[in-house]
Amino acid sequence: MSTLSDSRFLRALACQSVDRPPLWVMRQAGRYLPEYLELRRQTPDFMTFCRTPELAMEATLQPLRRFPLDAAIIFSDILTIPDAMGTKVRFAPGEGPIIDDPANSEKRIKQLITPDVEDTLGYVAKAISATRAAMPADIPLIGFAGSPWTVACYQVEGGSSKLFFTIKKMAYDAPKLLHELLRKITAVTIDYLCMQIQAGANAIMLFDSWGGVLSPECYDAFSLPYLKTITQALKEKHPDIPVTAFSKQAHHAYSKLANIGVQGIGVDWMIDLRDVRAQVGPDVALQGNLDPAVILTTPEIVSEHAHRMLDQIASKPGYIANLGHGIDKHTPIENMHALVEAVQSHDYS
Ligand code: 1CP
């Protein structure tokens, strides 16, 4: 019987040889699958959906039933942490996440709690253990959290933002206060990810989706050190669990990320994979980086661009095929099939 040690995804993360690169897709659970939309219609409140282990498990498994993917990611959200810290999160239809009482002042930041993760976020552990038990033995389950910087963006701005001026202003005029917030989020995130690993997560991904809005100097001060603290803490407690960090559009950061102890680095579509490989050397796996706009087109165009991406990097170990960011909810199913087919049929010699 196949086991996790045969997993293409874990082997590729360890830069070991594979018959072909593994494939999974950011935001593969949820969003574009009709069976997900049907499930969501029955539970319109997104946070309630996340808090219900049976629903999270079902959404996680749905893409695996349709496509021969090499990893699953647990259905949850990065905003479970701010919600547990006392900055309650709600999702208004069509508007994205909203925090009505954001942590944008000293008083609010000092009020934030460092919750017991089993008490407040145990629903994620339950979803992971149920999903792990229901999955094929050789397919890994990815647990995740937002980077402290990216989580703080939502917590301080009160939701999505285009310019992030509230939190970026804080970085310049109240850096100590922002560090206090980031330290609190980091402590909760470490406990949260250890809980996910104990529940059965086989790999961890840190989404630093807004790392690229910082200047290199601010990134080095407000994002990188916290990614490092989390990675090192996990390494100490769970040395066999690989960590991937994705600092979207922080193109100055790749060699720095390669030195904080991660096994994998997520790459967005705005940079050539060969340039990133040249920056980080051969010992870190790279994951990405097809433009999510490509997969909105036609199977022929998806196939052409997927093969081009694979030509750049995929003949050497340490590569995981993926998009450069999340799959869009308007993606046609046949285009996902075309991506799978391209990865399966590519000439890796
Ligand atoms: O109506 C719906 O179904 C809600 C859409 C949705 C889904 C399916 C949201 C709202 N979150 C999720 C699940 C989710 N979020 C997963 C698990 C499913 C999967 O990816 O396969 C994961 C890993 C996330 C992570 C997440 N949430 C990130 C980091 C990754 C990324 O895409 O950058 C971020 C930034 C969020 C916040 C968030 N949650 C939801 C939305 C619409 C947003 C983004 C808001 C914004 O653009 O600022």
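Ser-223 is buried, with a relative accessible area of 1%, in what is a predicted model. Its place is in the loop between H11 and helix H12 (224–237), and, leaving aside neighbours within four places in sequence, Ser-223 is in contact with Ser-147, Trp-149, Asp-208, Leu-214 and Cys-218.

Helix H9, which spans residues 165–173, has Ile-167, Met-170 and Ala-171 as its buried residues. These three cover an arc of only 105° around the axis, which puts them on the same side of H9. An α-helix has 3.6 residues a turn, so residues three or four places apart point the same way. On the other side of H9, Phe-165, Lys-169 and Tyr-172 are exposed. The partners against which the buried residues of H9 pack are helix H6 (106–111), helix H8 (148–157), helix H10 (175–199) and helix H11 (216–222).

The ligand is surrounded by 22 residues, of which the closest are Tyr-36, Arg-40, Asp-77, Tyr-154 and Ser-209.

| Residue | Side-chain atom | Ligand atom | Distance |
|---|---|---|---|
| Tyr-36 | polar atom | oxygen | 2.4 Å |
| Asp-77 | N or O atom | nitrogen | 2.6 Å |
| Tyr-154 | polar atom | oxygen | 2.6 Å |

Of the 880 Å² of accessible area that the ligand has on its own, the protein covers 85%.

Technical notes
Residues are numbered from 1 along each chain as its sequence is written. This is a predicted model: local features need pLDDT of at least 70, side-chain atom pairs count only at pLDDT 80 or more; totals for chains, interfaces and linings use all residues. Side-chain values use heavy atoms; hydrogens and water are left out. Buried means under 20% relative accessible area, exposed over 50%, partly exposed in between (1.4 Å probe, protein chains only). Helices (H or I, at least four residues) and strands (E, at least two) are DSSP runs, numbered from the N terminus. The arc is that of the directions from the helix axis to the C-beta atoms. Contact means heavy atoms within 4.5 Å. A residue is near a molecule or strand if one of its heavy atoms lies within 4 Å of it. A polar contact is a pair of N or O atoms within 3.5 Å; within protein, one must be able to donate a hydrogen and the other to accept it, and residues adjacent in sequence count only if both atoms are side-chain atoms. Accessible areas come from the Shrake-Rupley method with a 1.4 Å probe; for residues, only the protein chains shown count as cover.
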